[in-house]
Amino acid sequence: MRRITTGGRGQTRVLNDLMQNLLVTELLVPSGQLWVLSPWISDIDVIDNTAGQFKTVLPGLPSRWIRLTEVLIELARRGSDVRVLTRDVESNIIARQRLENVGGLGAKPAVRIHPKLHDKGILGDRFHLQGSMNFTYFGQAVNAEGVTLTRDPHAIAETRIAYNALYEGAGHAG
């Protein structure tokens, strides 16, 4: 288990690197099911591809910062059952629209609405990142936040069972 606490004084390299490493690993070996819980969600920058160092992992994307929605869409296309749970609030519209209006053929992330959601985190097959941080600019760079990374398979399995029981029936967006 690893705990990261930010002080609310700008972006934290440790947290940004952790998010980037988790998502690049997901792109290399996608989880069968990936939950993203964030009551408030924005299309934040999550992978620094400005030097093109991830072009073999993301061959169709240019040398620039890669956004959260782009990663989630690509994971769905690679076979992961991506489930995004959020609230129906105006500040979420851009990220929701980008996830819901995916052009072309293939799978897309499932966006579900839960009006009382307060839980936050990402749950994959090999990790669970959870804490106080919404996946927004303020969560990433402004607010004092705390997140915990768990890699314990038993804890991950228990959380997956709980998420599927609690949130499977949450309303579909759109």
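Helices and strands here are DSSP runs: a helix has at least four residues and a strand at least two. By that count, the chain holds 5 helices and 10 strands. The model is a predicted one.

**The whole chain**

Start with the overall build. The chain has 174 residues, and a compact globule of that length would have a radius of gyration near 16 Å; the chain has 15 Å, so the two agree. Along its principal axes, the C-alpha trace spans about 40 × 40 × 35 Å. Of the 174 residues, 49% count as buried.

Contacts tell a related story. Take the contacts in the chain with a separation of 6 or more: 72% of them join residues 24 or more positions apart.

Now the surface. The accessible surface is about 8600 Å², and carbon and sulfur atoms make up 54% of it. As for charge, the chain carries 20 positive and 17 negative charges, and their mean positions lie 2 Å apart.

Is strand β2 enclosed or open? Its residues are 33-37, and 5 of the 5 are buried, so β2 is largely enclosed by the rest of the structure. In a regular strand, side chains alternate between the two faces of the sheet. In β2, Q33, W35 and L37 point one way. L34 and V36 point the other way, and these are buried too.

| Strand pair | Sense | Bridges |
|---|---|---|
| β2 and β5 | parallel | 5 bridges |
| β2 and β7 (residues 121-123) | antiparallel | 3 bridges |
| β5 (residues 81-86) and β6 | parallel | 4 bridges |

**Strand β6**

Which residue of β6 is the bridge partner of T86? The partner is I113. Strand β6 covers residues 110-113, and both of its faces are covered. A110 and R112 are buried on one side, while V111 and I113 are buried on the other.

**A residue in helix α1**

D17 sits in helix α1, which runs over residues 13-28. Is D17 buried or partly exposed? Buried means under 20% relative accessible area, and exposed means over 50%. D17 has 29% relative accessibility, so it counts as partly exposed. D17 and N49 are 32 residues apart along the chain, and their C-alpha atoms are separated by 12 Å.

Note on methods: Residues are numbered from 1 along each chain as its sequence is written. This is a predicted model: local features need pLDDT of at least 70, side-chain atom pairs count only at pLDDT 80 or more; totals for chains, interfaces and linings use all residues. Side-chain values use heavy atoms; hydrogens and water are left out. The radius of gyration is taken over C-alpha atoms; the globule rule is 2.2 Å times the number of residues to the power 0.38. Buried means under 20% relative accessible area, exposed over 50%, partly exposed in between (1.4 Å probe, protein chains only). Contact means heavy atoms within 4.5 Å. Accessible areas come from the Shrake-Rupley method with a 1.4 Å probe; for residues, only the protein chains shown count as cover. Lys and Arg count as positive and Asp and Glu as negative; His and the chain ends are not counted. The place of a charge is taken as NZ of Lys, CZ of Arg, CG of Asp or CD of Glu. Two strands pair if DSSP finds at least two bridges between them.
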